[in-house]
Amino acid sequence: MWKQFVRKLPRKSSASGKGDCASGSSPGGNASGNGGTIQLTSSCPSGGPARPASSVKRMSSAVFPSSVVAGIEPLVPFKDVPNGEKQNLFLSKVSLCCIVFDFSDPNKNSAEKDFKRQALLDLVEYVDSASSRFTETMIAACCRMFAVNLFRVFPPSYRTSSSGGGEGEEEEPMFDPAWPHLHLVYDLLLKLIGSSSLDTKLGKKYFDHSFIMKLLELFDSEDPRERDCLKTILHRIYGKFMVHRPFIRKAVSNIFCHFVFETDRHNGISELLEVFGSVISGFALPLKEEHKIFFWRVLIPLHKPKTVGVYLQQLTYCVTQFVEKEPKLASSVILGLLRYWPITNSQKEVMFLSEIEEVLETTSMVEFQKCMVPLFQRIAHCINSSHFQVAERALFMWNNDHIISLVAQNRQVIVPIVTPALERNSQNHWNQSVLNLTVNLKKMLSEIDEELFSTCITKYMEDEEKQESLKQKRKLVWERLESAAAFQPVTGNTAVLVSR
């Protein structure tokens, strides 16, 4: 690996080394990367030619050969070279940072790792304080270094996601041992993209679709620190390079769809949704058809995976941003949630009820009336849930003033739907807290329209009596059948007719 690195370096001109003494070891003679220590060059003999005042002290090592970019040593600080040489020193340091180390053994190449870390720190400081424009050569070299250090294939994950999908069921995060170098590379990338010295027209040539796609693939990293850096960088790229915005939206949509409909596993969904929360808030009105399709075909189906609890907060924010910009989408959200409503996952039911309440707070009367019947049929079912947390959450929704206002104006439809559920709860539910909330809600509905509520109670009692009467009739029929069968025992050769 190191031999290949050395061969790619340009050869030093004979004139550039006249004032230097020969190094104790050949730059490429020991490029095995086996952890050799950094070797300082010997001082010039007293009888040798004097070193010019402007020349830079040089060092070499088995891993880091002396740089020959304009004769400048990459480990020298920027402050020690004249302004005219800083670009060459920048390129020299970037070339040095293209070497990737193995961090599985913390004692391997420890000195060289420290030198690379210092070079990265110097580059970050230089980019952060740069006053002149970055040249195309500098940008190209940086992009190559970013690709070498960052773009990698993650090992297969053998960790299984929890079946519950609750917010508190996340597994312990995995940390990349190479983070001491990775986070500095990410810092440099962030500083470079955000720098006013980076020409946008020149930058978009190198931060192209291929670069962005590789960057998006890194969101599947198991290290939360890396995903957090990527989130900030993607947001900066989206803001700086407007020409790439449609591509980024489409690429992220593909990641979401691949997660929902194929893999059901991805580590960076919450971070990508957090970026899109800011993107959606910047959408112009009226919303483009492209954005509405993203809402219907991508955001709503994201409620389907069992791990929705991990990213529900960010997903809910994106959904409410859409509803605030386009109130007509509120009914689509509620009907979409009802479509993906969990049947056997109580924790997910609680989360869905919370999101529905948040959406209802911004829902207009017209949109509410489009979905109120199936919505309150589901809420009534949740009120009767034997899982006390689901029943409690469904009853807590009635403490929201806006929801009560919507219910009051549509009480002729809603009260008859929920009254039977409340009566069944008050008679049969096992949890005392749910019983208390049920009594309070019955009192509230009675205060809204006492006559209507009394009528619904009466109708419920009549329906219960009819059901009890039918139950008794069925019981009598079966008793008569059993009695008749007792007098006609079945013999071995008697045919028995079984009706469906």
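How many helices and how many strands does the chain have? There are 20 helices and 2 strands. The model is a predicted one. Of the 500 residues in the chain, 45% count as buried. Consider next the contacts in the chain with a separation of 6 or more: residues 24 or more positions apart account for 72% of them.

Turn now to a pair of helices, α2 and α4. Helix α2 covers residues 86–96, and helix α4 covers residues 136–150. Their axes come within 10 Å and cross at roughly 15°. Angles under 35 degrees count as roughly parallel, so α2 is roughly parallel to α4. The crossing of the two helices is left-handed. On the α2 side, Gln87, Phe90, Leu91 and Val94 make the contact. On the α4 side, the contact is made by Thr137, Met138, Ala141, Cys142 and Met145.

Move on to helix α20. This helix takes in residues 450–487, 38 residues in total. From its first C-alpha to its last, α20 reaches 56 Å. That is close to the 56 Å expected at 1.5 Å a residue. Which residues of α20 are buried? Leu452, Phe453, Cys456, Ile457 and Tyr460 are. Against which helices do the buried residues of α20 pack? Their partners are α18, residues 411–428, and α19, residues 432–448.

Methods:
Residues are numbered from 1 along each chain as its sequence is written. This is a predicted model: local features need pLDDT of at least 70, side-chain atom pairs count only at pLDDT 80 or more; totals for chains, interfaces and linings use all residues. Side-chain values use heavy atoms; hydrogens and water are left out. Helices (H or I, at least four residues) and strands (E, at least two) are DSSP runs, numbered from the N terminus. The expected span of a helix is 1.5 Å times one less than its number of residues. Buried means under 20% relative accessible area, exposed over 50%, partly exposed in between (1.4 Å probe, protein chains only). Contact means heavy atoms within 4.5 Å. Axes are lines fitted to C-alpha atoms, for helices over the stretch in contact, and angles run from 0 to 180 degrees between N-to-C directions. Angles under 35 degrees count as roughly parallel, over 145 as roughly antiparallel, 65 to 115 as roughly perpendicular and the rest as oblique. A crossing is left-handed if the near helix is turned anticlockwise from the far one by less than a right angle, and right-handed if clockwise.
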